[in-house]
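Reader: Please show me the model, and let us go through it by question and answer.

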Amino acid sequence: MKYLDEFSDPVLAKRLFDDIRAITTKPWSLMEVCGGQTHSIIRHGIDQLLPDGIRLIHGPGCPVCVTPLEIIDKALEIASRPDVIFCSFGDMLRVPGSGRDLFQVKSEGADVRVVYSPLDALRIAQENPEKQVVFFGIGFETTAPPNAMTVYQAKKLAIPNFSLLVSHVRVPPAIDAIMNSPDCQVQAFLAAGHVCTVMGTREYPALADRHNVPIVVTGFEPLDILEGIRRAVRQLENGEHTVENAYPRAVNEQGSPAAQAMLADVFEVTDRSWRGIGMIPQSGWRLSPTYREYDAEHRFSVTGIETEESTVCRSGEVLQGLIKPHECAAFGKECTPRNPLGATMVSSEGACAAYYLYRRLEAPTANAQAANAPDASTQAASAQAANAPAKEASSVG
Ligand code: SF4
């Protein structure tokens, strides 16, 4: 395959749907870890076209969604200072904190800027030596290396007025926490392919063994996802629990040694809170002692801010796969992408936003499920792909 659209080929999609249907004898629950995978599944209608009993649970792998409320409040506090230029990817500006979001702070006169790379923020720091320039560093193992590289560059170039507000999280401890939850219904994981591009697959065999759970590293296009589902279902049907790489065009066992070395130099593993989920041990990164002087939380003394989650928003249950977005009473009413109550409605990768965008406004009826035929699959996939909007630059992964 040479071009990306070949990974949406309807003939091959039908063949994979047929294969999945042929090997499925029991109901199974699979979790796709990444919000990008959730978006693709909902956009192409894949979940509606699988055999009855194959359930996809949408996981917590949207970086915007899991950034904890107290970090948003710390960002708002720092951005409000007159001596600060606060830089961020665009999708963080509408994420609600306890009372406001970064757009409101910007409208009140704060210097909040959207950038497309942390290196843009470093350049702004060089151009504005009289100002403190802060970059909002959020995301998974995919965005952590460039942020680490930027801090490394700041130290190397002796740029004292740059700092990083860090909220990086790691996928394997989250999988561990999900499997340890007493409410866990997940029987197999579609692991996030882009994360494994950086980190490789070596962290996963121990998890698969410990929890007797198949883990299939999966990409983001429709055929990638169908192949991941096919392999996971085949393992479940055979009583296996191994790690498989269904995304070999991007992932190998080692990942990127250069990126991992940069992470190990600049960051150290720490406990992290996940929005709506809570503290997960060893699930994040913070700046290592060598680079601690570039930590915005310490530079601006905002470590003491504490918050409480909204009682209306059920994003924590959405992020753990315990409910679907349309089971939240506020979905599509008080909470819409224009007026989001929770982070899962803000981000383009959030499950609530994906359900709203692709008009999953209520649970499917029995009649809709009965229409689950192979021919319908290719038609729906093609139609939904044709209607899909372009994706904005964001804090992917
Ligand atoms: S629909 Fe809105 S209020 Fe409900 S869980 Fe999603 S983000 Fe929260």
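Reader: Which elements are included in what covers the buried residues of α5?
Author: This is a predicted model: local features need pLDDT of at least 70, side-chain atom pairs count only at pLDDT 80 or more, and totals for chains, interfaces and linings use all residues. Residues are numbered from 1 along each chain as its sequence is written. Helices (H or I, at least four residues) and strands (E, at least two) are DSSP runs, numbered from the N terminus. The cover of α5 includes β3 (84-88), α6 (102-107), β4 (111-114), β5 (132-139), β6 (162-169) and α14 (296-299).

Reader: How many of the residues of α5 are buried?
Author: A residue is buried if 20 or more other C-beta atoms lie within 10 Å of its own, exposed if 12 or fewer, and partly exposed in between, with C-beta atoms placed from the backbone. Among the buried residues are Leu69, Glu70, Ile71 and Lys74. Helix α5 (69-79) is mostly covered, and the count of buried residues is 9 of 11.

Reader: What angle does the direction of α5 make with that of β3?
Author: Axes are lines fitted to C-alpha atoms, for helices over the stretch in contact, and angles run from 0 to 180 degrees between N-to-C directions. Contact means that two C-beta atoms, placed from the backbone, lie within 7 Å. Helix α5 packs on the sheet and touches β3, β4, β5 and β6; to β3 its direction makes about 140 degrees.

Reader: What is the strand order in the open sheet of 6 strands?
Author: Two strands pair if DSSP finds at least two bridges between them. The pairing in this sheet is mixed, and the order is β4-β3-β5-β6-β11-β10.

Reader: Why is one side of β4 and of β10 left without a neighbour in the sheet?
Author: Both strands, β4 and β10 (267-274), stand at the edges of the sheet. One side of each lacks a neighbour because each has a single partner strand.

Reader: What is the strand order in the open sheet of 5 strands?
Author: Pairing here is parallel. Neighbouring strands are turned by 25 degrees against each other on average, direction ignored. The order is β2-β1-β7-β8-β9.

Reader: Which residue of β9 is the bridge partner of Ile215?
Author: Strand β8 (215-218) pairs with β9 in the parallel sense over 3 bridges. On the β7 side, 4 bridges join β7 to β8, also parallel, and Phe189 stands opposite Ile215. Within β9, Asn245 stands opposite Val217. The β9 partner of Ile215 is Val243.

Reader: Which residues of β8 are buried on the side other than that of Ile215 and Val217?
Author: In a regular strand the side chains alternate between the two faces of the sheet. Both faces of β8 are covered: Ile215 and Val217 are buried on one side, and on the other Val216 and Thr218.

Reader: At about what angle to β1 does α2 run?
Author: Helix α2 (35-44) lies across β1 (28-34), β2, β7 (188-192) and β8. To β1, α2 runs at about 120 degrees.

Reader: Is Asn212 buried or exposed?
Author: Asn212 lies in the loop between α11 (204-211) and β8. Its phi is near 50 degrees, a positive value in a residue other than glycine. With 11 other C-beta atoms within 10 Å, Asn212 is exposed.

Reader: What is the phi of Gln282 near?
Author: Gln282 lies in strand β11 (278-287). Gln282 is partly exposed, with 13 other C-beta atoms within 10 Å. For this residue other than glycine, phi is positive, near 60 degrees.

Reader: Which residues is Met262 in contact with, leaving aside its neighbours within four places in sequence?
Author: Met262 sits in helix α13 (257-266). With 19 other C-beta atoms within 10 Å, Met262 is partly exposed. Its contacts, those neighbours aside, are Pro145, Ala148, Met149 and Tyr152.
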